[in-house]
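Open the model in your viewer and keep the sequence panel beside it. The stops below say what to select next and what is there.

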Amino acid sequence: MANAEQCREALEQLSRNMAKSTGDVRKAAALDRSLSCRITDLDLTFTGRLRDGSIQDVVSTPGAPAGKAEIRLTMTSDDLVALVGGGLNFAAAWASGRVRLEAGFRDLLRLRTLL
């Protein structure tokens, strides 16, 4: 099981990866939305803002998120680290239920290019 610091680093790496992206991926990541990432095995939630192609203002709190973010991810700590590290395919993890992604219909359509 990955720890909270490894999860934070994975989110920071994801943010750096999105900031370097180009084309359709860059357009999909250019949303301005609240974001939460619930780490089930650590009982921890990271919240922040997806803005200008990166994840900003990330904070962690114990337990479930206090409010409902516009884009919500739920997974285990190991799955987060594996997704960002390239060891786990997002589409396959999402299809199998290992990773949950919840967002409005328009956002889901836009985010599908990231899959």
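## Stop 1: a serine after the opening helix

Select Ser-21: its side chain reaches the backbone oxygen of Met-18 at 2.6 Å, a polar contact (a pair of N or O atoms within 3.5 Å; within protein, one must be able to donate a hydrogen and the other to accept it, and residues adjacent in sequence count only if both atoms are side-chain atoms). Ser-21 sits in the loop between H1 and H2. Helices (H or I, at least four residues) and strands (E, at least two) are DSSP runs, numbered from the N terminus. Ser-21 is buried, at a relative accessible area of 14%. Buried means under 20% relative accessible area, exposed over 50%, and partly exposed in between (1.4 Å probe, protein chains only).

Two notes before moving on. This is a predicted model, in which local features need pLDDT of at least 70 and side-chain atom pairs count only at pLDDT 80 or more, while totals for chains, interfaces and linings use all residues. Residues are numbered from 1 along each chain as its sequence is written, and side-chain values use heavy atoms, with hydrogens and water left out.

## Stop 2: helix H1

Select residues 4–20. This is H1, with 17 residues. From its first C-alpha to its last, H1 reaches 25 Å, close to the 24 Å expected at 1.5 Å a residue. The expected span is 1.5 Å times one less than the number of residues.

At the start of H1, find Asn-3: one of its side-chain oxygens comes to within 3.0 Å of the backbone nitrogen of Glu-5.

Which residues of H1 are buried? Color Cys-7, Ala-10, Leu-11, Ser-15 and Met-18. They cover an arc of only 140° around the axis, so they lie on the same side of H1. The arc is that of the directions from the helix axis to the C-beta atoms. Turn to the other side of H1, where Glu-5 and Lys-20 are exposed.

Now show what covers the buried residues of H1: the cover includes helix H2 (23–29), strand E1 (33–39), strand E2 (44–51), strand E3 (54–62) and helix H3 (77–85).

## Stop 3

Go to the largest nonpolar core, which has 27 residues. A nonpolar core is a set of buried Ala, Val, Leu, Ile, Met, Phe, Trp, Tyr and Cys residues joined through side-chain atoms within 4.5 Å. Cys-37, Ile-71, Leu-73, Met-75 and Leu-80 have the most contacts inside this core. H1, E1, E2, strand E4 (71–75), H3, helix H4 (90–96) and strand E5 (100–103) each supply at least two of its residues. H1 gives the largest share, 4 residues.

Center on Cys-37. It is buried, with a relative accessible area of 2%. Leaving aside neighbours within four places in sequence, Cys-37 is in contact (heavy atoms within 4.5 Å) with Leu-11, Leu-44, Thr-45, Phe-46, Leu-73, Met-75 and Leu-80.

How many disulfides are there? The count is 0, a disulfide being a pair of cysteine sulfur atoms within 2.5 Å. For Cys-7, the nearest cysteine sulfur is that of Cys-37, 7.4 Å away. Cys-7 is buried too, at 0% relative accessibility.

## Stop 4: helix H3

Select H3 and color Ser-77, Asp-79, Leu-80, Leu-83 and Val-84, which are buried. Look down the axis of H3: its buried residues fall within an arc of 165°, so they line one face of the helix. They pack against H1, E1, E4 and H4. Gly-86 follows H3 and has a positive phi, near 90°.

## Stop 5

Start with Asp-107, in helix H5 (residues 105–111). Is Asp-107 buried or exposed? At 8% relative accessibility, Asp-107 is buried. Its side chain makes a polar contact with the side chain of Arg-33 (2.9 Å). Not counting residues up to four places away in sequence, Asp-107 touches Leu-31, Arg-33, Glu-70 and Ile-71.

Next, select Asp-52, in the loop between E2 and E3. Asp-52 is exposed, at 57% relative accessibility. Its phi is positive, near 55°, in a residue other than glycine.

Finish at Asp-57, in strand E3. Asp-57 is exposed, at 58% relative accessibility. Phi of Asp-57 is also positive, near 55°. Beyond residues up to four places away in sequence, Asp-57 touches Thr-47, Gly-48 and Arg-51.
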